[in-house]
Amino acid sequence: MKGKPTIVLGIDPGYGRCGFGLIQESGNDYRCLKFGVITTSKEFSHSKRLAEIADDIESLMTKFQPQILVIEELFFAKSTTTALKVAEVRGVILSLAEKKHLTIREVKPNEVKMAVTGYGKADKRQVQEMVKSIFHFSKKPKPDDAADALAIAWTGATKCKFS
């Protein structure tokens with residue numbers, strides 16, 4: 001017997017490009033509802049970029065009414081400045097999820113790669129190929145931030161079943 005379908009929002013956080021993927025899970029059936037990236041201009045202040053990301057994520061939450069947010073943990077950045085800015089994006093999104101009373105799951109990049117491809121050090125192309133297969137797409141989802149967000153959502157959806 002299948003329960004009520006669950007909508008999961010996956011986020012690959014970034015302040016220049018923030019990937020998102022919305023999926024619907026029903027039993028062992030996973031359907032993609034929407035995916036893409038939120039891009040912000042380098043011309044804007046960081047606070048304006050955060051506000052733009054928050055507005056777009058909140059719009060997605062309002063429109064699709066997810067029950068679960070799955071967000072990738074910050075594990076590496078080329079610089080401390082980049083790491084701090086991405087951490088602030090994560091903070092904004094986590095705050096929105098709390099306000100909307102979503103279940104929150106945080107996943108590590110290697111955990112997502114392992115869940116999706118069976119190999120914790122898979123490259124972007126391998127993740128895209130498996131996301132294509134999981135959601136029965138005719139071609140690989142692009143850009144890779146969006147494919148990663150779908151992989152993150154799927155990993156969180158499958159992880160929620162067992163936690």
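I started at Ile11, which stands opposite Ile71 in E4. The model is predicted: I read local features only at pLDDT of at least 70 and side-chain atom pairs only at pLDDT 80 or more, while totals for chains, interfaces and linings use all residues. Residues are numbered from 1 along each chain as its sequence is written, and side-chain values use heavy atoms, with hydrogens and water left out.

**Entry 1: the sheet**

My element names come from DSSP runs, numbered from the N terminus: helices are H or I with at least four residues, strands are E with at least two. I counted two strands as paired if DSSP finds at least two bridges between them.

In what order do the five strands lie? I read E3-E2-E1-E4-E5, an open sheet with mixed pairing. E3 and strand E5 (103–107) are the edge strands, each pairing on one side only. From one strand to the next, the twist averages 20 degrees.

I then went through the pairings. Strands of a sheet pair through backbone hydrogen bonds, either parallel or antiparallel. Strand E2 (residues 17–26) and E3 run antiparallel and are joined by 10 bridges. There, Arg17 stands opposite Thr39 of E3. E1 and E4 run parallel, with four bridges. E4 and E5 also run parallel, and five bridges join them. I found Ile104 of E5 as the bridge partner of Leu69.

Next I looked at helix H1 (residues 46–64). It packs on the sheet and touches strand E1 (6–12), E2 and E3. Contact here means heavy atoms within 4.5 Å. The direction of H1 makes about 155 degrees with that of E3. For such angles, axes are lines fitted to C-alpha atoms, for helices over the stretch in contact, and the range is 0 to 180 degrees between N-to-C directions.

Why do I call E4 largely enclosed by the rest of the structure? Five of the five residues of this strand (residues 68–72) are buried, so I do. Both faces are covered: Ile68, Val70 and Glu72 are buried on one side, Leu69 and Ile71 on the other.

I moved on to Ile93, in helix H2 (residues 80–99). Ile93 is buried, at 0% relative accessibility. Which residues does Ile93 touch, not counting those up to four places away in sequence? I listed Ile11, Cys18, Ile53, Ile57, Met61, Leu69 and Ile71. Ile93 and Leu69 are 24 residues apart along the chain, and their C-alpha atoms are separated by 9.1 Å.

**Entry 2: helix H3**

In helix H3 (residues 109–117), I found Pro109, Val112 and Val116 buried. Down the axis of H3, these residues fall within an arc of 60 degrees, so they line one face of the helix. The arc is that of the directions from the helix axis to the C-beta atoms. Just after H3, Gly118 has a positive phi of about 85 degrees.

**Entry 3: aromatic rings**

I counted rings of Phe, Tyr and Trp (its six-membered ring) as paired if their centres lie within 6.5 Å; planes under 30 degrees apart are stacked, over 60 edge-to-face, the rest tilted. How many aromatic pairs does the structure hold? I found three.

Tyr30 and Trp154 have ring centres 6.0 Å apart and planes at 65 degrees, so this pair is edge-to-face. Tyr30 is in strand E3 (residues 29–39) and Trp154 in helix H5 (residues 144–161), 124 residues apart. Tyr30 is buried at 12% relative accessible area, and Trp154 is buried at 16%.

Phe35 and Phe137 make a tilted pair, 5.6 Å centre to centre with 40 degrees between the planes. Phe35 lies in E3 and Phe137 in the loop between helix H4 (124–134) and H5, so the pair ties together parts 102 residues apart in sequence. Phe35 is partly exposed at 31%, and Phe137 is partly exposed at 21%. Phe35, Phe135 and Phe137 form one aromatic cluster.

**Entry 4: Pro141**

Pro141 is in the loop between H4 and H5. Buried or exposed? I read Pro141 as buried, with a relative accessible area of 2%. Beyond its neighbours within four places in sequence, its contacts are Phe35, Gln128, Val131, Lys132, Ala147 and Leu150.

Key: Buried means under 20% relative accessible area, exposed over 50%, partly exposed in between (1.4 Å probe, protein chains only).
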